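Dear colleague,

Please find the structure below, handed over for your records. My notes on it follow directly after.

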Amino acid sequence: MVVKKNLYTKRKSGRKMDEVRPITANVGIVPSADGSASFQTGKTKAIAVVRGPRTLHPQHMQNAQTGILRVSYGMMPFSVEDRIRPGPNRRSEEISKVTEWALSSVVDLSGFPNTVVDVFVQIPQADAGTRVAGINAAALALAHAGIPMREMVSAIGVGKIDKSLVVDLDKYEDSEFHDGEGSTDIPVVVTSRTKEIALLQLDGKISVDEFKECIEMAKKACDGILKVQMDALREVSGVRDQKSGGKKNG
Amino acid sequence: MGNYVLSNLQVEKIESYLGEGKRLDGRKVDEYRELFVEDGVSENSASAVRVRFGKTEVLAGVHLALATPYPDSPDSGTFMTSAELHPMASQQFDIGRPGINSVELARVIDRGIRESGFIDMKKLCIKEGEKVWQVFVDIFAINDDGNLLDVAGLAALIALGRARMPIYNEKEDKVDGYDDKKGIPLNKDVLSFSMTFHKVGDAIVADVGYDEEAISKFRLTVAIGCDEKGGARITAMQKGKVGTISDKDMETLLKLAESKWSEMFPVVKKHVFG
């Protein structure tokens, strides 16, 4: 059997294989909201707003045992080169749901029965990895709103470009590279304390061993992202000691 | 807007303050909040800007796409404005189909730009009857602290003023990026912008805040541009809400609109054309 040469030994962006794009995070960007944050990775920008807990309508959706989390993800019409029609579509509805599951796994709304906590995620500018940037922003906005969370979450896209394993795929790697074994894209959400996986999707072709290595790379990258998130929260809340968390008025 | 309810005490306080020519946030009755404009929201579109009056904030972006012209105007480009009053921006907005507020807002802004002839539609024709540019203006509300209408209208104009012209690749019949040095064809002389005034208590108030907007009796949006001598000329109007306008209010309002326009027009022009 002929072993084919790896066609992606150097990243187009010049980054190292495990290098995350430059990150900025800001908390408290929408004054009228209960919680809000922005999260930027390279050219991908996400903003997230939290409203609630508030009474859930329609009433039949209310749960007397607990509040519920409701996520709405969307890309702004001008976020990509081909304009996106405003409003929900199949892709955005699916991403909303997987984001909701990921965040619900760390949020505890048992103290707010019959209510809803709305999380709105929007992407003003996209360069791949919008769902993970959105989740990083959303986790910050939830903490900013003082919503009880068992732990934080951080998110990153990892994957395989031809034979190389990479962290934080950009648009070229995610959707424009088709040579050799092509591109495999794996968005991952990692919880901050227990280091468990709260979201996992995969698109492409990858061996089990390579997949396992990708997860380890994702966990390492998420450690770095968590640090940026905690710094952003500390800056806005004035909380200096990590033990007291990112709560407002704490 | 919506079912937002203020206490009677708060309403009385706002109205009695206005009776003395004062406002709770310290502004004068005819005073606009400071205007902030920021570029570079998205480099994937022809332009995308962030515009703020105080805490009321919107993003607006422009896209151009290839399209077939309408049969009744085969040599003209087409134009569409859409607005999302997203629940992100306010407790009052719901997710889902655009409500009447966002439909009205988009239509008022669309009409203002379309009817003024600000965009040179003829120059957006590539091949008569076959291919033209379609211009989209997309407005997205980020935070509502009153007077979204004026902020959104300005954002649309500024985004158009700063939009880059895409490059048409005739051979392959597709768009090949943007010409960063070339703007989209605009008739700069006909630039007009809208100002919305509300009747709150007995006063005519400019650039309302959230609470003032909630309790106002009527609003009147007035779009004004330049006439041949550089004076003010009304180009569009829209009244909103159930209250009626007396002769006296109309006179106060028009006087106010004209003087505000003279004050703000140079600033707006600078932001639109850079």
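Predicted model: local features only at pLDDT ≥ 70, side-chain atom pairs only at ≥ 80, totals over all residues.

Residues are numbered from 1 along each chain as its sequence is written, and chains are lettered from A and ligands numbered from 1 in the order in which they are written.

In chain A, four strands form an open antiparallel sheet in the order β7-β6-β8-β9 (strands are DSSP runs of E, at least two residues; helices are runs of H or I, at least four; both are numbered from the N terminus). Strands pair if DSSP finds at least two bridges between them. β7 (164-167) and β9 (197-200) of chain A stand at the edges with a single partner strand each, so one side of each lacks a neighbour in the sheet. β6 (residues 153-161) of chain A pairs with β7(A) over four bridges, and A:Val158 has A:Val167 of β7(A) as its bridge partner.

Helix α2 (residues 130-144) of chain A has 15 residues, and 15 of its 15 residues are buried (20 or more other C-beta atoms within 10 Å of a residue's own, C-beta atoms being placed from the backbone). α2(A) is followed by A:Gly146, whose phi is positive, near 75°.

The contact between the chains takes 26 residues from chain B and 20 residues from chain A (C-beta atoms, placed from the backbone, within 7 Å). β6(B) gives the most to the side of chain B that touches chain A, with five residues.

Yours sincerely

Key: Contact = placed C-beta atoms within 7 Å. Expected span 1.5 Å × (residues − 1). Buried ≥ 20, exposed ≤ 12 C-beta atoms within 10 Å, placed from the backbone.
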